[in-house]
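Here's a walk through a few spots in this model that are worth a look. Have the viewer open and follow along.

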Amino acid sequence: MEQTQPAPSVSIVDVSPRDGLQNEKVPVHTQDKLKLINELVSLGVRRIEAVSFVNPKKVPQMADAEAVMAGVPRDAGASYIGLVLNTRGAVRAVDAGVDEMNYVLPVTDAFAKANQNTTVAAALDSLEEVSSIAAAASIPLTVTAAVAFGCPYQGDVPGEQALSVVGSALQRAALAEVALADTIGCAVPWQVGEVFAALRAETDLQLRAHLHETRHTALANTYAAMAAGVTVFDSAVGGLGGCPFAPGAAGNVSTEDLAWMLGRAGFDTSIDPARATELGRWICAKVETAPRSGLAGAGVFPQRV
Ligand code: ZN
C-alpha cells in the first residue's frame, strides 16, 4: 500500500475499563478488570481510562475504582486516567493515585442535568475547583466536552455552543488536553472537521476525540478530526460502551478497527489490532454481549501467514 505522509503521531486512549464497562449490567469482577488492563498494556496501549470516581449507587460497575487503581501494573509505561464529575471525585482520584484526571464537561444544560444533576455554569465552577485539586497534586487534568456534536435532550448542538463552553473551560482551568465527545454517536464528518478546526484555531493544546459508533460514522469522523489537527482518539476493545443517560448510544469506536485503520495508513499507534480483537472478544463474553467491531467479524487484512 502506498504511504501518504502520515502525521507525526497519533495515539489511542483505550477507555474500555471505564466507558466500555460502566453501563454493562453484568458485574465485572475487580480481578477481571485488572486482567483487561494488564492485557491492554501488553498489546501496546499507553493511556488507559481505567476507572471513574462517581456515586457507586448510580454506577455500581465503578464501585471498585479504588481497588482497581490499587492493582494496576505500575512499571509498564502506561498512564492511568480516572474520570471525575466533581470535586468529591477529584479527591478520590488523587487518593487512588491516578496518573491523569479527566473531567466530563457537558455543553448543554439538559445533558448536565440528566448525566450529573448540574448545569453547564455549575459544571464550569466545579471544573475550576477540580483544576486546583489536580494542580496541587501535580496530576495532569484533561477535559472531555460531552454531547459536543448533538444531545439526546436538546437535539442539535451548534458548534458555537460547544466552543463557547470549551472556551470558558480553557480560561478557567489548567488543562493538559481537551476532547470533544460525540457521546451519542450522531456527528457526521463535515461537522466534526468544522468544529475541531475552530477549536484548533482557539488553542494550542493537544486535542482528543471521543467518538461513538452508534450510526457508523465514527471512523469517518476520525478521519475528519485528524485532518483538523486531532492526534488522540478514545476507543474501546470490542466496541464496548454506552451511556444510560444518552439513549441509543451504542458503543465506542472499537480499538481494533481504529488501530487497524490507522496502521494501514502508516501511523504507528503501537497497538496490535489482532490482539485487540481477541481481547474485545474476551471482555464482551464476560459481560454477555457480542463484540461490535468490524475486525471481530472479518479479521485483520492482510491475514498473517
Ligand atoms: Zn463515551
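Phenylalanine 111 is buried, at a relative accessible area of 1%; buried here means under 20% relative accessible area, exposed means over 50%, and partly exposed is in between, with a 1.4 Å probe and protein chains only. Keep in mind that this is a predicted model, where local features need pLDDT of at least 70, side-chain atom pairs count only at pLDDT 80 or more, and totals for chains, interfaces and linings use all residues. Residues are numbered from 1 along each chain as its sequence is written, and side-chain values use heavy atoms, with hydrogens and water left out.

What about aromatic pairs? Rings of Phe, Tyr and Trp (its six-membered ring) pair if their centres lie within 6.5 Å, and planes under 30 degrees apart count as stacked, over 60 as edge-to-face and the rest as tilted. That rule gives two aromatic pairs. In one of them, phenylalanine 111 teams up with tyrosine 153 in a tilted arrangement, 6.5 Å centre to centre with 35° between the planes. This pair links distant parts of the chain: phenylalanine 111 is in helix α5 (residues 109-116), and tyrosine 153, 42 residues apart from it, is in the loop between β5 (141-146) and α7 (159-172). As for the labels, helices (H or I, at least four residues) and strands (E, at least two) are DSSP runs, numbered from the N terminus. Tyrosine 153 is partly exposed, with a relative accessible area of 41%.

Phenylalanine 149 and phenylalanine 196 form a tilted pair too, with 6.1 Å centre to centre and 50° between the planes. Phenylalanine 149 sits in the loop between β5 and α7, while phenylalanine 196 belongs to helix α8 (residues 189-202), 47 residues apart. Phenylalanine 149 is buried at 2% relative accessible area, and phenylalanine 196 counts as buried at 0%.

Aspartate 19 counts as buried at 5% relative accessibility, and histidine 212 is buried with a relative accessible area of 2%.

Threonine 217 counts as buried at 15% relative accessibility, and threonine 214 is buried at 18%.

| Side chain | Backbone oxygen | Distance |
|---|---|---|
| threonine 217 | alanine 187 | 2.9 Å |
| threonine 214 | isoleucine 184 | 2.9 Å |
| arginine 292 | glycine 239 | 3.2 Å |

Arginine 292 is found in the loop between α11 (273-286) and α12 (294-298), and is partly exposed with a relative accessible area of 38%. Leaving out residues up to four places away in sequence, arginine 292 touches Glu24, Gly238, Gly239, Leu240, Gly241, Ala250 and Gly251, where contact means heavy atoms within 4.5 Å.

Finally, the sheet. A closed barrel of eight strands runs β1-β2-β3-β4-β5-β6-β7-β8, with parallel pairing; two strands pair if DSSP finds at least two bridges between them. Strand β1 (residues 11-14) runs parallel to β2, joined by two bridges, with aspartate 14 opposite isoleucine 48 in β2. On to β3: six bridges join β2 to this strand, again parallel, and isoleucine 48 stands opposite tyrosine 80 in β3. In strand β2 (residues 47-53), seven of its seven residues are buried. Elsewhere, β7 and strand β8 (residues 232-235) pair in the parallel sense over three bridges, and arginine 208 stands opposite valine 232 in β8.

Technical notes:
Polar contact = N/O pair within 3.5 Å; in protein donor to acceptor, adjacent residues only side chain to side chain.
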